[in-house]
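Reader: Hi! I have a model open on my screen and would like to talk it through with you. Could you walk me around?

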Amino acid sequence: MITPQRSSSGSSQSPRSPSSQPFLSVSVTDPAKMGNGVQAYISYKVITKTNLPEYQGPEKIVIRRYSDFVWLRDRLFEKYKGIFIPPLPEKSTVEKFRFSAEFIEMRRQALDIFVNRIASHHELQQSDELRTFLQADEQTMERARFQDTGIFKKKPADLMQIFKDVQSKVSDVVLGKEKPVEESNPEYEKLKHYIFELENHLAEAQKHAYRLVKRHRELGQSLSDFGTAVKLLGACEGNTLGKAFSELGAKSEVLSIKLQKESYHLLMNFEEPLKDYVRAVQSIKATIAERANAFRQQFELAETVKLKEIDLNKLRLTRSEKMVDAEHEYEELKEDSEEAIRRFEMIVRLMNEEIVRFQEQKTLDMGLAFHEFAKGQARLANGIADAWRSLLPKLEACSSSQH
Amino acid sequence: MITQQRSLSGSSQSPRSPSSQPFLSVSVTDPAKMGNGVQAYISYKVITKTNLPEYQGPEKIVIRRYSDFVWLHDRVFEKYKGIFIPPLPEKSTVEKFRFSAEFIEMRRQALDIFVNRIASHHELQQSEDLRTFLQADEQTMERARSQETGIFKKKPADLMQIFKDVQSKVSDMVLGKEKPVEESNPEYEKLKHYIFELEDHLAEAQKHAYRLVKRHRELGQSLSDFGNAVKLLGACEGNALGKAFSELGVKSEILSIKLQKEANHLLMNFEEPLKDYFRAVQSIKATIGERASAFRQQCELAETIKLKEIDLNKLRLTRSERMADVEDEYEELKADGEEATRRFETIVRLMNEEIVRFQEQKTLDMGLAFHEFAKGQARLANAIADGWRSLLPKLEACSSSQH
């Protein structure tokens, strides 16, 4: 199962940890359909096992729905700028698949991975929001969710918009300067370029991985139909040849099932991880936007402070009564500016740690996913080869002897 | 090559025959596009190697087109009632495929098999029409073809229509008798039932075999696109993981080519033989139609003779002057009746031999085709399994070590 393997790096999910070691283990299970019609949704059981003092241990079970996970993600994104917040599975846009068994299982797995990544991140696991999510009763959770519409419920797309707004605002402020207000950091430029390129290539790879799943299914279906037709042919012939046909038909049907199984395995253990990687990269892009945002704010304030200083000195010379107020404003601006610099520098520091964490985790995850891919394909192919080989002696008998 | 294997049973095509043994060896080769636009067609080289005295040996090359083969088929069908005439490949209905390399090669193979089956059939190989086909110059051939429109150019569909016409005519004649004018031969009934059932099941099997070919191609294409996308991903990553990606991408492309090859092999060595079997069964249906036709003619004449005899006896009693004429008519009718009976019995005798020949040949052909199928599938699956297995150590290295 991919879930435990993914969380074991850095997580304390292993049941083998001694009970004196702090551990926090979460699982998202038991999807259940609630309500009817357009109001219908899926609820999940979130089971927390822990010995941490901040939690009501040793075990707590709460009921959560998709929007609760969205709330958690958005709050963390707001609060922990610089950290690559684990990504969520997409909202389903196609109504008819919203309650298909496959979709529900894929979503459940992705949500389980999401929460566990938060629970195993050394900073994020200490957040109040996680504790609320894992422990609050349903009414408290619902209240928290509703409170956050408007102010905090910003999506990465919204943040990109803010990014653009700030950029245009700064261009107005920084009069006459032609150069764009961006960090001039070659290492960082390289990283941004890498992330944007990666996103494109990943999207392509994921699209084709999904098509591969589809083609496996179609081949499997074709083989099954073929098997049925050949069995009927065999029944019609009714001699040695007929028996060979019937066996070939039966074998085709067996292999068809193997193909369907492998296509499902491909979907869960390869295409989904690829999609997860795409989402992770998009989450990094959102953090990149946050950093640019913070950079601009810091830059903007620095400029404003300079202008204020010039103003203040003018007022000092003329000994204006406005000087005291201007002094206060100047002090406030200096504080804001220092705060903005601190925020920016924290994002930079966190991002540097996050990049290392991301590269390591990704290498593991992707290595695993591609390993699963090749293993599954080899296993399927071997199964198919053995099945056909077992038939060859019988068919050889038919083609050389007379009936 | 299936062509030679198919012709070996009973044919004298082997180049190992001592030159004193009579042999007749034909090959249809070198398809070439002639003419332009809507008038364009494919011509084939028909090479005859023989030591039979009736032929201009030892080698003769003529140029033939599809309609010449149709002429040969129709003439032989007219003349050798009771024999299962080897079937022709269909006329291409889809214009855009008429000159595709695949279609041309499939047709060439099928025409080669067609001529060789005639040349290796102990009765058909003695026909003058075959000699004309194999030796006449192009103008003579064209003249023969044009002469045949109208009278002799009957297709099995037309014969089925005649069948129905005769049936309704006889119902009119056989006044008051309710039972249909068909042979009451339980063995033969079983055979007819078997042939009709076989036709349905073969059509289904062939349809699904063709779909299987298509699905192999689609999976191959998908794997190729996937390989491309993963290679780009690998280039973007550029470390141990990236190298693993690139190798996986390259492997995908190699395996994609194997899939396309197998799809082709499936088409030529499995789906085509199935289609050929299907056409052979339709040819048998046409012979069944001929037999029914001959049976009715014979019944019809027998009835007519009885009525004539009654007439004649009446005239004898009254000593009419018409008696002499009617006696002549009666004798003629009796001769016709005997001829019709002979024709019917010839068809029955030939059919009995043909059925045995058909069953034997079919068992060989189908055994071979299904053997090729299983072999090809096993070969492909093994190659795929080996391909993926060779990658596993490298991918294992990625998923366990850090980059």
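Predicted model: local features only at pLDDT ≥ 70, side-chain atom pairs only at ≥ 80, totals over all residues.

Reader: Thanks! How many helices and strands are there in chain A?

Author: Chain A has nine helices and three strands. Starting at the N terminus, they come in the order α-β-β-β-α-α-α-α-α-α-α-α.

Reader: And what pattern does chain B follow along the sequence?

Author: Chain B reads α-β-β-β-α-α-α-α-α-α-α-α, with nine helices and three strands.

Reader: What share of each chain is buried?

Author: In chain A, buried residues are 49% of the 403 residues. In chain B, 50% of the 403 residues count as buried.

Reader: How much of the contact in chain A links residues 24 or more positions apart?

Author: Counting contacts with a separation of 6 or more, 74% in chain A are between residues 24 or more positions apart. For chain B that figure is 73%.

Reader: Let's move to the strands. Is β2 of chain A largely enclosed or left open?

Author: Strand β2(A), residues 41-50, is largely enclosed by the rest of the structure, because seven of its ten residues are buried.

Reader: Which way do β1(A) and β2(A) run, and how many bridges join them?

Author: They run antiparallel, and nine bridges join β1(A), residues 24-34, to β2(A). One pair you can look up is Ser27(A), whose bridge partner in β2(A) is Ile47(A).

Reader: What about the hairpin between those two strands?

Author: Six residues lie between the strands of that hairpin, and Gly35(A) takes a positive phi near 75° there.

Reader: How does β3(A) pair with β2(A)?

Author: β3(A), residues 59-65, pairs with β2(A) in the antiparallel sense over seven bridges. Across that pairing, Tyr44(A) stands opposite Arg64(A) in β3(A).

Reader: Over to chain B. What is the strand order in the sheet there?

Author: The order is β1-β2-β3 in an open sheet of three strands, with antiparallel pairing. β1 and β3 of chain B are at the edges with a single partner strand each, so one side of each has no neighbour in the sheet. On average, neighbouring strands of this sheet are turned by 20° against each other, direction ignored.

Reader: How many bridges link β2(B) and β3(B)?

Author: Seven bridges, in the antiparallel sense. Lys45(B), for instance, stands opposite Ile63(B) in β3(B).

Reader: Where does α3(B) lie?

Author: α3(B) lies across β1 and β2 of chain B, and runs at about 155° to β1(B).

Reader: Which residues of α4 in chain B are buried?

Author: In α4(B), residues 128-135, the buried ones are Asp129(B), Leu130(B), Phe133(B), Leu134(B) and Gln135(B).

Reader: And what do those buried residues of α4(B) pack against?

Author: They pack against the strands β1, β2 and β3 of chain B, and also against α2 (66-79), α3 (101-119) and α5 (138-147) of chain B.

Reader: New topic, the interface. What area is buried between chain B and chain A?

Author: About 5500 Å², with 74% of that area given by carbon and sulfur atoms. In chain B, Phe226(B), Cys236(B) and Phe370(B) lose the most area to chain A, together 11% of what that side buries. The contact takes 59 residues from chain B and 59 residues from chain A.

Reader: How many salt bridges and polar contacts go across?

Author: There are two salt bridges across the interface of chain B and chain A. In one salt bridge, the side chains of Glu237(A) and Lys362(B) meet at 2.8 Å, N to O. Eight residue pairs are in polar contact across the interface.

Reader: Which elements of chain B give two or more residues to the side that touches chain A?

Author: Those are α7 (186-237), α8 (240-318) and α9 (323-400) of chain B. α9(B) gives the most to that side, with 27 residues.

Reader: Last one: why does Gln377(A) count as buried?

Author: Gln377(A) has 6% relative accessibility, so it counts as buried, the cut-off being under 20%. Gln377(A) sits in helix α9 of chain A.

Reader: Which residues does Gln377(A) touch?

Author: Leaving aside residues up to four places away in sequence, Gln377(A) touches His216(A), Glu262(A), Leu266(A) and Trp388(B). The side chain of Gln377(A) also makes a polar contact with that of Glu262(A), at 3.4 Å.

Notes
Residues numbered from 1 in each chain as written. Chains lettered and ligands numbered in written order. Heavy atoms only, no water. Buried < 20%, exposed > 50% of the residue type's maximum accessible area, 1.4 Å probe, protein only. Helix = DSSP H or I, 4+ residues; strand = E, 2+ residues; numbered from the N terminus. Contact = heavy atoms within 4.5 Å. Pairing = 2+ DSSP bridges. Axes fitted to C-alpha atoms, helices over the stretch in contact; angles between N-to-C directions. Buried area = accessible area lost by both parts, 1.4 Å probe. Salt bridge = Lys/Arg side-chain N within 4 Å of Asp/Glu carboxyl O. Polar contact = N/O pair within 3.5 Å; in protein donor to acceptor, adjacent residues only side chain to side chain.
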